[in-house]
Amino acid sequence: MAHIKLLLIWACCLALSTSFAYGLGVNWGTQAAQTLPPSTIVQMLKDNKIDKVKLFDSDHWTVKYFAGTGIEVMLGIPNNQLANFADDYDFAKEWVKNNVSTHLYNGGVDIKFVAVGNEPFLKSYNGSFLKSTFPALQNVQKALNSAGLGDKIKATIPQNADVYESGRFPIGHKGPNAKNLPFFKDNNAPFLVNIYPFLSLHENKHFPIEFAFFDGQTKAVRDNGISYTNMFDANLDTLVVSLKKASCSGVKIIVGEIGWPTDGDLYGNVTLAKRFYSGFFKKMATKKGTPLYPGFIEYYLFSLTDENEKSILPGSFERHWGIFRYDGKPKFPMDITGQGHEAMPIGAKNVKYLENKWCVLNKYAEDIGKLPSSVQYACSRSDCTAVDYGGSCNKLDGDGNVSYAFNMYFQMNGQDVESCVFDGLAQIVEKNASVDNCLFPIGLESVGVRIGLDAILNILVGFFLFLTLL
């Protein structure tokens, strides 16, 4: 009988372990006209057994929702704040006090890392953050140490693969990591790297598409006697070699961002995203790492939800990295555990939408000469990336393109009636304007409005309870 009980316990533990994507994190960005509330984000992470989240700021109101959830949190410091941290240690101390220490109580937030900047060494920044990043990193870690948190919480820098693309970090005083790498090594902090096979495909028309995936459908590439069948392994091992050449072999590597967009590009679609994630999750489940970095690797998917206000300078796909739509609905079935149990991820619950109204072209409008300028105005102040070449709405006719632009502007402005005028060219309708696979979205109720209503309701409930006691 005792043996049977032990077998049952072992089976239960096995079931729990295979349903939990241990080591898997996700990025959650909020560059969107309307965002889901933090409480809903927590629900989505817990329902899908994702135990880590990487934020791009340290908003106190947001962070507090992760208290007592068991979800590990990486706070973020935006690039435009690096100078403040670099120039003033007291500023860093106060930041740690107000944004880290305040959350660390019994049952509080499990903060593990602080991401100092976000890819501050990108070539497109033209060196804007070269001088401020390392001093900021130093001051943040020093402040964490001073608060008695240095052993538990580490400061690091999210970086892209450009910094080691040749297999060697640039040396000398101009090398962005000349001081960072020894600092990581001395402080037992990880090297946080963002690796995007999609970007390699997007930026290089000669890049072999099969090499972007993990399903072994490409001819192996040999490098120094090692065979590679996917870009990710080759890229991460280039980092391993680069760290070794910099005498920093012992620095832990964490993949801070990895993912595939689902719209806004010829290669950015649900079909290829599903293929990418399917192979990625299977690889992650093996815990084998790469040829030169074997073993368990922590990963953060990019990203949780779409963000319709992200910069599209790199491409229209930038607003479509989410594994969930803007409203928390899953885009396609996934097997997060990599164990062969593919299913639709659990989406956001109790989402509050705006009314079932759409803003479309008024086909009876007379002054159609203003259409081009009106569409340009709407798209420049909203999100028309889905109608770009390769996008999910790219096959709309002329009228459909106009309606899509008008509706996005209308929804992203909270369905304000003044945002559906366009000199009489637009009209509000109650019939869903979506066409085939092209979604005409409805905006979300403002988080601020929702919180305001909840507060009013709580006050009213308290008031009536008070009356009953009189």
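Buried means under 20% relative accessible area. Both Cys359 and Cys420 fall in that class. The legends below describe close-up views of a predicted model.

**View 1. A disulfide joins Cys359 to Cys420.** The S to S distance is 2.0 Å. Both of these cysteines are buried. The torsion about their S-S bond is about 90 degrees, so the link is right-handed. Cys359 sits in strand β12 (residues 358–361), and Cys420 sits in the loop between α12 (398–412) and β13 (426–429). The pair therefore ties together parts that are 61 residues apart in sequence.

**View 2. Cys379 and Cys384 form a disulfide.** Their sulfur atoms are 2.1 Å apart. The value about this S-S bond is -90 degrees, and the link is left-handed. Is Cys379 buried or partly exposed? Cys379 has 26% relative accessibility, so it counts as partly exposed. Cys384 has a relative accessible area of 9%, so this residue is buried.

**View 3. A disulfide links Cys393 with Cys438.** Here the S to S distance is 2.0 Å. The torsion about the bond is about 100 degrees, so this disulfide is right-handed. Distant parts of the chain are linked by the pair, 45 residues apart. Cys393 belongs to the loop between α11 (371–380) and α12. Cys438 belongs to the loop between β13 and α13 (447–469). Cys393 is buried at a relative accessible area of 1%. Cys438 is buried too, at 3%.

**View 4. The whole structure holds three disulfides.** How are the bonded cysteines paired along the chain? Counted in that order, they follow the pattern 1-5, 2-3, 4-6.

**View 5. The largest nonpolar core has 98 residues.** Which residues have the most contacts inside this core? They are Phe66, Phe191, Trp260, Tyr277 and Phe280. Helix α10 (residues 270–286) gives the most to the core, with seven residues. Phe280 is in contact with Phe214, Ile258, Tyr299 and Leu301, leaving aside its neighbours within four places in sequence. Another core lies apart from the largest one. This other core has 15 residues, among them Cys359, Ala365, Val402 and Leu425. Cys359 is also a partner in the disulfide with Cys420.

**View 6. Helix α6 spans residues 130–146.** The helix has 17 residues. From its first C-alpha to its last, α6 reaches 25 Å. That is close to the 24 Å expected at 1.5 Å a residue. Just after the helix, Gly148 takes a positive phi of about 80 degrees.

**View 7. Helix α6 has buried residues along its run.** Ser132, Thr133, Phe134, Ala136 and Leu137 are among them. The buried residues also include Asn139, Val140, Gln141, Ala143 and Leu144. What covers these buried residues of α6? The covering elements include the strands β3 (72–77), β4 (110–116) and β5 (154–156). They also include the helices α4 (82–87), α5 (89–99) and α7 (180–186).

Note on methods:
Residues numbered from 1 in each chain as written. Predicted model: local features only at pLDDT ≥ 70, side-chain atom pairs only at ≥ 80, totals over all residues. Heavy atoms only, no water. Helix = DSSP H or I, 4+ residues; strand = E, 2+ residues; numbered from the N terminus. Expected span 1.5 Å × (residues − 1). Buried < 20%, exposed > 50% of the residue type's maximum accessible area, 1.4 Å probe, protein only. Contact = heavy atoms within 4.5 Å. Core = buried A, V, L, I, M, F, W, Y, C linked by side-chain atoms within 4.5 Å. Disulfide = S-S within 2.5 Å.
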